[in-house]
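Trainee: I'd like to learn how to read the places where parts of a protein meet. Can you walk me through one?

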Amino acid sequence: MKPSHSGTLAETALLIAAVALPLLLQAFGEDYYIGFATRLLIFALAATGLNFIVGYGGMVAFGHAAFFGIGAYAVALLMNAGIFSAWITWPVAVAAAALAALLIGAASLRTRGVYFIMITLAFAQMIYYSVVSLEFAGGDDGLPLEQRSTLVPLDLADDATLYWVTLGLLAASLMALKRLAASRYGRALTGLRQNETRMEALGYPVQQIKLVCFVVGSAVAGLAGALLANQNGMASPSQLYWTQSGMLLVMVILGGVGQRFGGMLGAIALLGLEEVLGRITEHSHFYVGLALLAVVLYAPRGLAGLWGRQK
Amino acid sequence: MTALLEISGLKRHFGGLWATNGVDLDVVTGEVHALIGPNGAGKTTLIHLISGELLPDAGTLQFAGSDISQCTTHDRVARGITRSYQITQIFPRLSLLENVRLAVQSRQRDWGSSLRFWRPASADFRMIEEAEDWLSRVGLAAEVSQLACDVSHGERRALELAMALATRPRLLLLDEPMAGMGPEESEHMARLIASLKGEQTVLLVEHDMDIVFRLADRVSVLVSGRIIVSGTPDFVREHPAVRSAYLGDAL
Ligand SMILES: Nc1ncnc2c1ncn2[C@@H]1O[C@H](COP(=O)(O)OP(=O)(O)OP(=O)(O)O)[C@@H](O)[C@H]1O
Ligand SMILES: [Mg+2]
């Protein structure tokens, strides 16, 4: 919890490197990787939101894909209705995910452990099947975007710009999260994770504290979903499917549950590994599984726990 | 002498067992009221019923003049009832200071204020100072920065007392605060509770008769879910029903 100057220094260096990345890739003619890097950052954002729920809030939610997908569909549906501006559609995506999380959270937060896992999964699958059965949402095929969202004065059609915007949003979310974790609310959340009985006995509104955490983490996923729709050029049902929730959870575990950079590191490691292994072998999933096993066995605090003592 | 807490006809069962079987009890403002009784008599169950962690099947609880029988724990703490547990309930991986700071913080019920989401908790010096004061009060001034899981059992019990006090309760419920302590630690805790006398209303569940008769202004004896005798320590000590039902098997 002590402010570490070497930590901030490393963070700043990392941020500068991340900002410079598209320029380097362009210089080497590897423009394809700008899109890939954007994808990493988007998943990093979604996993960071999930890590807030799982790691800070102590609630193992297995339905994060629902909010991720809702964000994407919000952007796609609004675009079909003629609304292109990200200034409108992205906040709507966030609000829609938050609202869904408010309803789902209010209904499921009284359960815990395996029951909470199952009930969040069930709600997420319900949303998946509803969307797939809706004709105006594109059914099984998903909903293509006519173009990327407009974000005056920026031009998101440019891959590098979308990358930078994503990076900015990820950095802002990570900073906001740090701030939130150190606030009175964040401290209450820590207390809750360690001893719910005591928090209750101190008179804290335990359910509300959890609900806020669930909604905030899901809203972040909504934003990530809006970005992914832009990056993919469509909102697809697979984004809502339970396997997506599983993958996000794997990212969090891989990166470090409750570590501030856990979601980000996990997303980068998992997608990076898949990309690299996908080029070498057809059995990339097998090796990714091995890597996950190794982390669970030898680095229970995840990748973030390996290199530094964040938090 | 007005009753802060008035319990009448309180009942609660678990399956076929009436753990609380028609309890009538008054706790008067300012007193240390001891609740004694053999193992399984229903003392902890009664504390749960007062704190709101269990709801009664029958009977009423009046606190400071209003009926709280159906209120949530959250609401009861807001009204001024805080408890400690027979099995210590603290935040093991937080410092003693942060444990108590969270208790101080619990009094701030400004949920609408965005500051509590944005401003660092560590910037609130008043809260931290108050937490330090409570820790000194229970003799833990030197341990403020240690993790709660790293201090001794007796220190953890004292910490829990500090946390309960930091909520500034009108009624403090202590469920066997000396449970599992050695003689020295027990003595320290007994002195702490004695130091509260006159300024804090306490309902104290305790097994150790010497301590009970030393600390309590009044004593109630709970046997099989019922209060069989209630009165001054001397009265209770000499009461034949108590001697046979309870002291008999303690002696
Ligand atoms: N949650 C529960 N479910 C079922 N039975 C319970 C429950 N809690 C308590 N009991 C039973 O109710 C009776 C009273 O228990 P309680 O814990 O209130 O006694 P106590 O007086 O606090 O005992 P001790 O001195 O051992 O702490 C016991 O017989 C106990 O087994
Ligand atoms: Mg008990």
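Trainee: How much area do domain 1 of chain B and domain 2 of chain B bury between them?

Mentor: Keep in mind that this is a predicted model. The two domains bury about 1,300 Å² between them, and carbon and sulfur atoms account for 60% of it.

Trainee: Which stretches make up those domains in chain B?

Mentor: Look at the domain assignment: domain 1 is 1-80 + 169-251, and domain 2 is 92-168. Their C-alpha centres lie 26 Å apart. In contact there are 21 residues of domain 1 and 13 residues of domain 2.

Trainee: How many salt bridges are there between the two domains of chain B?

Mentor: A salt bridge asks for a side-chain nitrogen of Lys or Arg within 4 Å of a carboxyl oxygen of Asp or Glu. Between these domains the count is one. Arg137(B) and Glu199(B) meet in a salt bridge, at 3.3 Å from N to O.

Trainee: And which element gives the largest share of domain 1's side?

Mentor: That's α7(B), with six residues. By class, this side has eleven nonpolar, five polar and five charged residues.

Definitions and conventions. Residues are numbered from 1 along each chain as its sequence is written. Chains are lettered from A and ligands numbered from 1 in the order in which they are written. This is a predicted model: local features need pLDDT of at least 70, side-chain atom pairs count only at pLDDT 80 or more; totals for chains, interfaces and linings use all residues. Side-chain values use heavy atoms; hydrogens and water are left out. Domain bounds come from an automatic or database domain assignment. Contact means heavy atoms within 4.5 Å. Buried area is the accessible area (1.4 Å probe) that two parts lose on being put together, summed over both. Helices (H or I, at least four residues) and strands (E, at least two) are DSSP runs, numbered from the N terminus. Ala, Val, Leu, Ile, Met, Phe, Trp, Tyr, Cys and Pro count as nonpolar, Asp, Glu, Lys and Arg as charged, and the others, Gly among them, as polar.
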